[in-house]
Amino acid sequence: MPPKPDSPPLRMRLRDPLWRLHHLYWIENKAGHLQRFQPNAAQLRLHRNLWYRNAVLKARQLGISTYVAMLMLDRCLFTPHFHAGIIDKTLPDAEQKLEKLRFAWEHLDYLPPYPTEQDRALACLGALLKQRSGMQKRNEWHPVADARTRLAFANGSDVRLGTTLRGGTLQLLHVSELAHVSVHAPWRAREIRTGAINTVPANGTIILESTHEGGRYGVNYEMTLRAMENTALSELSPLDFRFFFFSWADNPDYSLPGKGHWGDTMAEYFEKLESQHGIFLTSEQKRWYSHMERTMGAAMRQEYPTTPDEAFSTGNDGAIYGAQIALLREAGRIGADFAYNAQEPLYTAWDLGLSDHTAIWLVQYYGGAVYWLNHYAANQQPLEHFAAHIHTWQRQYGHIATHFLPHDAAHRDPHGQSYVESLAHCGISSVRVVPRTPDIWRGINNLRMLLPRSWFHKDTLLQRINARGQKEPSGLSCLEMYHTAPPSPGGVAHDTPVHDAASHSADAARMFAEALSHGLVSPMCYTRKRAKM
């Protein structure tokens with residue numbers, strides 16, 4: 001006979017959170033059928049290694065958010081006055097996660113068809129839990145929902161949701177898809193970091209879980225990178241984030257039976273995983289991946305990363321140069337440590353801003369290829385600041401043949417002086433103003449055609465620290481992040497590039513492509529003049 005719901009053996013088992021997670025809660029699976037929640041391998045690994053603060057980088061559909069929902073419900077039911085919060089990219093997304101909790105609570109007493117004796121005992125136990133955890137209203141016992149944003153229980157515990165959740169105190173905070181928020185609403189990502197995370201005390205639990213987007217920039221990247229750096233620590237404090245990575249290969253469903261046929265490019269990719277990362281995939285996994293990659297294209301690395309670096313190498317939706325940058329990464333042309341050619345001219349390409357960012361690229365062009373050597377950008381700095389940086393480059397690399405500036409550099413300020421003339425006063429000569437291109441997309445396409453012939457030095461991947469001590473995106477990251485405006489609520493797509501922190505460096509790179517298209521760049525070798533020290 002199975003133990004009764006209130007029997008000592010069952011009460012002993014109820015003290016074990018993992019046993020409760022394996023036996024008490026029901027979910028709806030991908031096929032829309034009810035099944036008892038049974039943690040999979042990825043969920044178990046997270047549960048067994050859960051820390052106070054956790055940063056989870058993952059592939060799609062591994063069930064991490066489902067696990068967190070069951071964990072949240074479990075703690076609310078078995079810990080009086082336990083307060084939890086859910087943050088997602090949108091309120092409807094957060095409501096879906098809250099609905100998972102509500103669904104599991106409502107089915108605590110669910111009895112499946114053809115029940116076993118254990119099913120009957122667990123259903124009786126679930127009925128008792130529902131009776132004790134609910135709040136009486138209209139002669140029914142159930143949790144109370146406040147405008148779909150809060151789930152409250154009779155023992156004083158509750159779960160609330162939002163898009164920032166600043167204020168109050170939480171014992172468990174689940175932040176989902178912070179990467180998406182970091183790209184599409186960076187101000188809200190900063191609010192989550194400075195507000196919501198600070199609502200959780202040191203002995204509370206924070207779980208950040210996200211499929212990454214946005215490349216190597218943004219709040220999610222910074223926090224995930226810091227968690228990755230923490231893996232080198234011998235001991236973590238309760239305020240340190242523990243890093244978890246769940247690859248698509250962690251999901252046994254991601255396999256496709258049949259004969260393994262894939263192209264040379266995929267074969268090289270699988271060989272690189274084995275030789276460089278020690279990742280050995282089965283033939284069925286390789287077949288699944290190669291078939292999915294045909295559909296997903298460049299987004300495959302974002303949605304189904306095999307390594308953390310792959311996730312960080314992706315751009316964001318609407319990325320203007322994303323496809324070109326992805327191909328360059330695969331070809332090993334990003335972050336290369338090559339020497340500049342002392343026999344070829346050096347150029348700079350600028351994007352100008354007064355109260356805004358000014359960005360500069362240091363470039364060489366010869367043999368039909370473009371070598372992006374260095375990058376610099378700053379905000380709200382005087383002209384002398386940028387001139388000083390050019391002089392620093394000239395001491396490091398040598399004489400710069402030509403400085404390409406946008407058309408507005410010829411405009412005169414209220415004092416009757418142009419930007420070109422002001423640069424000359426700072427010792428920067430050999431300036432060429434690039435004619436204005438009527439259509440920005442013509443210039444963008446010029447750069448798109450140039451990128452496949454490009455190499456990016458490792459110095460273009462360096463992040464700069466601004467005057468406020470904040471990290472700015474690298475030059476390469478700016479090219480990856482440069483994107484069009486998202487579709488309007490009606491689904492109408494836009495083709496307007498977004499003017500943000502990434503656009504200035506992208507515009508500066510475009511300036512070089514436009515200078516080349518106007519015949520202003522000479523690829524001929526020459527003996528460079530050495531700048532006087």
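## Close-up views of a predicted model

**View 1. Thr205 and Arg75 meet through their side chains.** The side chains of Thr205 and Arg75 are joined by a polar contact of 3.1 Å (a polar contact is a pair of N or O atoms within 3.5 Å; within protein, one must be able to donate a hydrogen and the other to accept it, and residues adjacent in sequence count only if both atoms are side-chain atoms). This is a predicted model, in which local features need pLDDT of at least 70 and side-chain atom pairs count only at pLDDT 80 or more, while totals for chains, interfaces and linings use all residues. Residues are numbered from 1 along each chain as its sequence is written, and side-chain values use heavy atoms, with hydrogens and water left out. Thr205 belongs to strand β11 (residues 205–210); helices (H or I, at least four residues) and strands (E, at least two) are DSSP runs, numbered from the N terminus. Leaving aside neighbours within four places in sequence, Thr205 is in contact (heavy atoms within 4.5 Å) with Leu50, Trp51, Tyr52, Asn54, Arg75, Gln171, Leu172, Leu173 and Val200.

View 2. Asp119 sits in helix α6 (residues 117–133), and with 12% relative accessibility it counts as buried. Its side chain makes a polar contact of 3.0 Å with the side chain of Arg36. The side chain of Asp119 also reaches the backbone nitrogen of Thr116, again at 3.0 Å. Not counting residues up to four places away in sequence, Asp119 touches Arg36, Leu111 and Pro112.

**View 3. Helices α3 and α4 cross.** Two packed helices are described by the angle between their axes and the distance between the axes. Here the axes of α3 (residues 41–48) and α4 come within 9 Å and cross at roughly 50°; axes are lines fitted to C-alpha atoms, for helices over the stretch in contact, and angles run from 0 to 180 degrees between N-to-C directions. That makes α3 oblique to α4 (angles under 35 degrees count as roughly parallel, over 145 as roughly antiparallel, 65 to 115 as roughly perpendicular and the rest as oblique). The contact is made by Ala42, Gln43, Leu46 and His47 of α3 together with Ile64, Thr66, Tyr67 and Leu71 of α4. The crossing of α3 and α4 is right-handed; a crossing is right-handed if the near helix is turned clockwise from the far one by less than a right angle, and left-handed if anticlockwise.

View 4. Gln61 is not a glycine, yet its phi is positive, at about 60°. It lies in the loop between β3 (53–58) and α4 (64–78), and at 49% relative accessibility Gln61 counts as partly exposed. Gln380 has a phi near 55°, also positive in a residue other than glycine. Its loop runs between β16 (369–379) and α15 (383–397), and at 55% relative accessibility Gln380 counts as exposed.

**View 5. Seven strands form an open sheet.** The strand order is β13-β19-β16-β15-β14-β17-β18, with mixed pairing; two strands pair if DSSP finds at least two bridges between them. β13 (334–336) and β18 (431–433) stand at the edges, each with a single partner strand, so one side of each is left without a neighbour in the sheet. On average, neighbouring strands of this sheet are turned by 35° against each other, direction ignored. Strand β14 (residues 347–351) pairs with strand β17 (residues 402–405) in the parallel sense over three bridges. Within this view, Thr348 stands opposite His403 in β17. Helix α19 (residues 503–517) packs on the sheet and touches β14, β15 (357–366), β16 and β17, its direction making about 40° with that of β15.

View 6. Arg448 is placed in helix α17 (residues 440–450), and at 24% relative accessibility it counts as partly exposed. Arg448 and Gln324 are 124 residues apart in sequence but 7.0 Å apart in space, C-alpha to C-alpha. Leaving aside neighbours within four places in sequence, Arg448 is in contact with Ile320, Tyr321, Gln324 and Trp441. The side chains of Arg448 and Asn445 are joined by a polar contact of 3.2 Å.

Conventions: Buried means under 20% relative accessible area, exposed over 50%, partly exposed in between (1.4 Å probe, protein chains only).
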